[in-house]
Amino acid sequence: MATKNRITDAPIIPTFFYFALPSLAGLLAISSASIVDGIFVGRYLGAAPLASINLLIPYFTFMFSVCLMIAIGGTVLAGRYIGEKKQKKADAIFSQSLISAMLFTAVMAAIVTPNSGYLFDALNAPQDIHETMNSYFGIMSFCLIIQLTTMVLYYFVRADGFPVLATAALIFGSITNIALDILFLGYLGLGIEWAAWATTIAQSIQLIVLLSFFVQKNRTLKFTLKGLKIKESARAFINGFSEFINEISVGIVIFTVHWLLLVNGDDAAIAGFSIANYVLFISMMAYYGIVDAIHILVSQNLGAGNHRRIRQFMILAAITILSISTVLVLVCTLIPHHLSQLFLSDLENASQQSALLYLNILWPCLMFSGLNVLISAYFTAVQKPLQSTAIALSRGLVLPVVLLLSFSTYQKQTHFLAALPVAEFITLALALTLFAAHQKRKTPDAPVYA
């Protein structure tokens, strides 16, 4: 008797939350660790070190986006192969994805670290904080080899039906990061480089926990060097390209915002924006927790031909995302001052005032961005990369950059950051239009609902 696949056979609601809740908990754990980094750096080291970390976000985002493209493109394709009972192809994609992430991060560390000054100049970082940035970046550049290879493994562990193990790894890593931040920065009073060491140690522990996947007797995916094909990797990466756009665009938009803030502001403006950006980061991690489940649930049910289940999973995901958005909007509109005071003391008044202003402008993004990410992820999961990429480019790159520059030039009576919620709203209209059009097409890959 064949073993039942929970994803394709089990009841809808328990199955959705079995995958969504661990992912949500894990990514929120990552968010909390990053926020604690910001809190301890801001409160114990000041606004300039906090700005130093924030100015590096575009580079970190680029690295993360490439590996996320590898991870999601690979897991979606492997998930479809699992649904189609093509195990050797699924194993090959799994193995190629891990190798690709490790090689990419190692090569980038070897090239960029000795030339970090050029990177800081390209990021438009003020000269007086280059030394602080280098203290942090010199360690984090090599930490990314561990962190991003671990991230790719995390996605495949979840896709193979071990979401609890994957989440446990993230939570152990996050708890370690928080504890070490408290020890190094809060108790011992060490410098910013020790925030980077805390992250490196935490990521190493996370990797150790995830490696236990390879001794699980009932796992499906196996690491192999047989059957590796560049064509299959290219197919996976192309399908994950929209996720690359989603992430890399964050770095480009943040770079644009930093540039515009530095034209009229200083470190206080950058530090203030970093606080508002942490809130947006939390929201995106929460949305990706739901979206990660959708990648798995939709791709495997597509392979199995279970179109009605796909529709039910999408409805549950939309309701969950809207509920999360509502809670975050209430926090940003009712108690924004508590958020700013977490990161900076009363002495950093200019940064706090900037943070309150930016939170007041940006909270409408939370109302639209979750649904945009969900619909983009749906198109990735059903292997429609053009639609997914169109949504990603619209919300993450083209509209934000164009509107930011336009508002700063032609709408001086309105703060240029208002361009970001406008971009999310326009993108939602586009995403809903593409989604509705896709449902009307009765093609083999398109779900047709009774």
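User: Hello! Why is Leu77 called buried?

Analyst: Good place to begin. In this predicted model, Leu77 has a relative accessible area of 3%. Leu77 sits in helix H4, which covers residues 57-83. Its C-alpha atom is 7.6 Å from that of Ile93, a residue 16 positions away in sequence.

User: What makes Ser97 buried, and what does it touch?

Analyst: The relative accessible area of Ser97 is 2%, and the cut-off for buried is under 20%, so the term applies to Ser97. Ser97 belongs to helix H5, residues 87-112. Setting aside neighbours within four places in sequence, Ser97 is in contact with Ile70, Gly74, Val152 and Phe156. A contact requires heavy atoms within 4.5 Å.

User: How do you know whether Thr167 is buried or exposed?

Analyst: Thr167 shows a relative accessible area of 6%; with the limit for buried set at under 20%, Thr167 is buried. Thr167 is part of helix H8, which runs over residues 163-187. Not counting residues up to four places away in sequence, Thr167 touches Pro22, Ser23, Ala25, Gly26 and Tyr154. Leu432, on the other hand, is 265 residues along the chain from Thr167, with 31 Å between the two C-alpha atoms.

User: Why is Leu393 called partly exposed?

Analyst: Leu393 has a relative accessible area of 28%. Buried ends at 20% and exposed means over 50%, with partly exposed in between, so Leu393 falls in the middle class. Leu393 lies in helix H17, residues 385-410. Beyond its neighbours within four places, Leu393 is in contact with Ile245, Val398 and Leu399. From Leu393 to Leu356, 37 residues apart along the chain, the C-alpha separation is 29 Å.

User: What makes the phi of Asn124 worth a remark?

Analyst: Asn124 has a positive phi of about 65°, although it is not a glycine. Most residues other than glycine have a negative phi. Asn124 is found in the loop between helix H6 (116-122) and helix H7 (130-159). At 33% relative accessibility, Asn124 counts as partly exposed, because that value lies between the 20% and 50% limits.

User: Why can the whole chain be said to agree with a compact globule?

Analyst: For 450 residues, a compact globule would have a radius of gyration near 22 Å. The chain comes out at 21 Å, which agrees. Its C-alpha atoms fill a box of roughly 70 × 45 × 35 Å along the principal axes. Buried residues make up 58% of the 450. Among contacts with a separation of 6 or more, 83% join residues 24 or more positions apart. As for secondary structure, the chain has 18 helices and zero strands.

User: How do you know which part of the model to read with care?

Analyst: The pLDDT tells us. The chain averages 83, and 91% of the residues score at least 70. Over residues 442-450, however, the pLDDT is below 50, though this stretch has 23 contacts in the model beyond near neighbours in sequence. Where pLDDT is low, the predicted coordinates should not be read in detail.

Note on methods: Residues are numbered from 1 along each chain as its sequence is written. This is a predicted model: local features need pLDDT of at least 70, side-chain atom pairs count only at pLDDT 80 or more; totals for chains, interfaces and linings use all residues. Side-chain values use heavy atoms; hydrogens and water are left out. Helices (H or I, at least four residues) and strands (E, at least two) are DSSP runs, numbered from the N terminus. The radius of gyration is taken over C-alpha atoms; the globule rule is 2.2 Å times the number of residues to the power 0.38. Buried means under 20% relative accessible area, exposed over 50%, partly exposed in between (1.4 Å probe, protein chains only). pLDDT is the predictor's confidence in each residue, from 0 to 100.
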